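Please open the structure in a viewer and keep the selection panel at hand.

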Amino acid sequence: MDEIFGIPTPLLFGQLLLGLINGAFYAMLSLGLAVIFGLLNIINFTHGAQFMMGAFVAWMLLNYLGIGYWWALILSPLLVGLTGVILERTMICQLYKMDHLYGMLLTFGLSLIIEGIFRNQYGSSGMPYRIPPELSGAWDLGFMFMPVYRGWVVVFALFACITTWLVIEKTRLGAYLRAATENAPLVQAFGVNVPRMITLTYGAGVALAALAGVLAAPIYSVNPQMGTNLIIVVFAVVVIGGMGSILGSVLTGFGLGIVEGLTKVFYPEASATVIFIIMVIVLLARPAGLFGRA
Amino acid sequence: MTTTRRSVLGGAAAGGAALGGLPWRSARAQAANTIRIGVLNDMSGPYRDISGPYGLECARQAVQEFGNRGFNVEIINADHQNRPDIGVNIARQWYDQGVDMVLDVPTSSVGLAVANIAREKNKAYVNTGSATSDLTGPACTPNTVHWMYDTYMLAKSTGGAMVRAGGDSWFFITADYAFGHALERDTANFVRNAGGRVMGQVRYPFPATTDFSSFLVQAQASRAKVIGMANAGADTINTVKQAAEFGITRRGVKLAALLMFLPDVHALGLQTAQGLILTESFYWDLNDRTRAISERLRPRLRDVRPNMASIANYSATLHYLKAIADMGVAASKVSGVDVINRMKGIPCDDDAFGAGTIRADGRKLCPSYLFEVKAPSESRGAFDYYKLLQTTPAEEAFRPMSEGNCPMIRA
Amino acid sequence: MAGQSMTSSAVPAGPQESIFGFTKAQFIALCLMFVALVVAPFFLYPVFLMKLLCFALFACAFNLLIGYVGLTSFGHAAYFGMGGYITAHSAKVWGLTPEISILIGALLAGVQGAIFGWVAIRRQGIYFAMITLALAQMIYFLCLQAPFTGGEDGIQAVPRGHLFGFISLAPDMNMYWFVAAVFVICFLLIHRIVHSPFGQVLKAIRENEPRTTSLGYRTDDYKLVAFILSATIAGVAGGTKSLVFGIATLTDVHWSMSGEVLLMTLVGGLGTVFGPMIGAAVIVAMQNYLAEMGAWVTVIQGVIFIACVLAFRRGIVGEIGNLLRVRL
């Protein structure tokens, strides 16, 4: 079978693979969003800006302190997660009693501020950040050349997603978190420090975004707008997957990457709109998303 | 939290700021002996580094060098945030309140709109930022001069000259909107006219795409010698970065950027950008005169070197002021068309672009240069990025007047 | 909706003397508004005022949906922008008079609202919002591609034309009176909608939809009608704006425009009569002012968002109303 629908088979497989890699990014980003929404009921519009901060901190670590990529993978999420914790303690904790809308507006305002400050400081063209030498180069798979770094992204993203899912679903900490979202006062009555858990959860969600940012820095332009482009797509992923469901977001993220990849082959002009069309269809058919609990 | 007092204070502050921001009708007499130039560009968005504050400084430099020839010159600046409604509002307000010339204006939709306003109010308009060649084509006006570059010039240089340099099979990665289509169409024409072939193209959604890997792989599969990137800004940067990642350039394929500026190359870094082909009409290290003006600009621009968009502000301002000095301030305030005609009548000469002329349809002519980005080993320092491949002389660099469909020109 | 209702007023709505449906305080504010409309163009730059009025109308239309019905739409720019494009096309290509062009633009925006509303109303809360956003994004991409919109360049050089065929709108002052008239008509129309039995049902839906359904009202139909009205008036605002500036571009259908109108309504006061107008004035003035200052616009907008959410939830007009213990 040399051609499927007029596209040579090797090219098609190559595109599917690329789509899967993109899906890994979507999955990681939507994971952070889903964690924050599922457990905190906050629609974190700042996620795009925090993704950008993750990439920028990695650049700053390299540029000002000479700290390379591998350390940045650990340090950047920690630092950005810390800022998330501070945000939560100062501003976001006041939103829990309010309508969802205010959470969105506050975090949207935060994203404007963060992006504006970075843009004023660093301009809009972007910063150079190179693929670490251990991960550069490409494998010749026969049907395409696959950059080693992209393969690393998929593997690492899968690892992060599975780890997060395991922590939330299978550990005691995760159980406390899930219980706290259902009935916080009761869990608190059992002696668990619920506010602190919530703060740390927000920090963890933000750290996940920053981690995705570090992963993105070598292959996407590190500029202050890099989060804005992705955030809407990621929101759509979370909504399609079901706003409370972590598994849903991850699966939808990967799935969407593949769908987008196929669209890029057959009808590239529509590859940005396809996700919105899918979102509308899914929301009409299943109101809470594919895996969501209403 | 009880917020009554706080909200009152906040409301008062907001109200105060709002009142201060309102455009009051100024009853002050227009200073008769002052020429006011308004630099309208993008100071906070994706095009900030290309002109933005640097373009403003270049304009100020021109005023400083022009000196005092019997009248004052004042420069004001506003950020149109790439939004036509804001740009149009500011341009109208400026013209109504005594600004004589509007300068810069990137983003074609704003650029075209301001041209109409300048004509309506009979003022002067020198555009150094927009790419659309319509400004000297169907949308030309007697009040407009298009100073810097346009899509035709870029296409002819990068497309035609590139084919002559050996890149005779092309594949286009095109941003799917009018500007991208125009770039692709014009360049493809030149490629074919020069004897090359277009192997294919792919159009991606703009502005929503950050990942070009899929399109690059398709380009690779076409076996074209040159991949033409019919896009600009962050899209081009991402495409180049990802092309390096996929090792495309290492296998001898050339990447041609159809619209790229020095700050973009700086953002990529030489390691990633080496071998890139692009066209600009100015490079600071091109000859002694350009080196001189870049050196003079150093205190203003500090670590950044001028590129063709920002230096165009300098060149245009200088020439505009020469025209004013030639005809007298009073006469220049009466009619913008007269000023533009005088600008067309005087030959241009400055350190940035050398000698040049302005055509009847408002097109300023200058040579275009095809550059290749140096490898890191070839560069002696920051912004030492380009080596010259080909020069297209000024008379050939732009679209002939007869083909422009400019209503002012009856061929 | 979880959490406190967004627009619960501190002042009880009891039987009050009402003049054409306005309370005494609102009537005073209305008179002040008329005075301001008449006097302002002699002090302030008319084109700026026209821009302000168009956005104020847009915000009022948006407020109809979010303030009175409680539906948050993230895609209202679609109706504003499409109204603008259609009006621009009618005036430029078909050469129609301005009032007809605006009517056509509004009508088509209303049809758009009917279709999108029908799709979106089926869901609640954040899902409703996301569907409206998705639909608006599709409109944006459509406008990017469609030849009649002119893509990135937009529709340029739209003539203002002659009102009713003989009054030239090219002079700024003539255009101003026209825009002011359009604004006042639509403003009163919105008021009429809200202070009618229909409006009462809308408010009931906002406060407690299941209860309203149990009383026998078909809430989906009411919501859809409100949606269509809101979209139509947004289309009027967009069409008028494109005539004022002579251009219709992609910025008008971009999602940041949807965010801006949300900000305006929030700053002014959700669910208040005069709030959207004041909010629009603040935001437009701020943009104007900051444009001359350069690069801090987005940061300041962000700060305003946060301030509004944390300290200022009733918005400017809401706070004034709370202070004076009246409902504005």
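Begin with chains A and B of this predicted model, and select the residues of each that touch the other: 33 residues of chain B are in contact with 33 residues of chain A. Next, colour the elements of chain B that each supply at least two residues to this side, namely strand E7 (197–204), helix H7 (213–221), helix H8 (233–245), helix H9 (262–268) and helix H10 (270–273). Which of them gives the most? Select H8(B), which contributes six residues to the side of chain B that touches chain A. Colouring that side of chain B by class shows 13 nonpolar, 12 polar and eight charged residues.

Remain with chain B and divide it by its domain assignment. Select 34–149 together with 287–366 for domain 1, then 152–280 together with 368–397 for domain 2. The C-alpha centres of domain 1 of chain B and domain 2 of chain B are 28 Å apart. Where these domains touch, domain 1 of chain B provides 14 residues and domain 2 of chain B provides 15 residues. On the side of domain 1 of chain B that touches domain 2 of chain B, the residues comprise eight nonpolar, four polar and two charged.

The next stop is a single helix of chain B. Select helix H14 (residues 336–345) of chain B and display its buried residues: Gly336(B), Val339(B), Ile340(B), Met343(B) and Lys344(B). Why do they lie on the same side of H14(B)? They do so because they cover an arc of only 140° around the axis. In an α-helix there are 3.6 residues a turn, so residues three or four places apart point the same way.

Finally, select chain C. Shown as a cartoon, chain C has 13 helices and two strands. Its C-alpha trace spans about 50 × 45 × 40 Å along the principal axes. The radius of gyration of chain C is 19 Å, which agrees with the value near 20 Å that a compact globule of 328 residues would have. Of the 328 residues of chain C, 59% count as buried. Among the contacts in chain C with a separation of 6 or more, 76% are between residues 24 or more positions apart.

Notes:
Residues are numbered from 1 along each chain as its sequence is written. Chains are lettered from A and ligands numbered from 1 in the order in which they are written. This is a predicted model: local features need pLDDT of at least 70, side-chain atom pairs count only at pLDDT 80 or more; totals for chains, interfaces and linings use all residues. Two residues are in contact if their C-beta atoms, placed from the backbone, lie within 7 Å. Helices (H or I, at least four residues) and strands (E, at least two) are DSSP runs, numbered from the N terminus. Ala, Val, Leu, Ile, Met, Phe, Trp, Tyr, Cys and Pro count as nonpolar, Asp, Glu, Lys and Arg as charged, and the others, Gly among them, as polar. Domain bounds come from an automatic or database domain assignment. The radius of gyration is taken over C-alpha atoms; the globule rule is 2.2 Å times the number of residues to the power 0.38. A residue is buried if 20 or more other C-beta atoms lie within 10 Å of its own, exposed if 12 or fewer, and partly exposed in between; C-beta atoms are placed from the backbone. The arc is that of the directions from the helix axis to the C-beta atoms.
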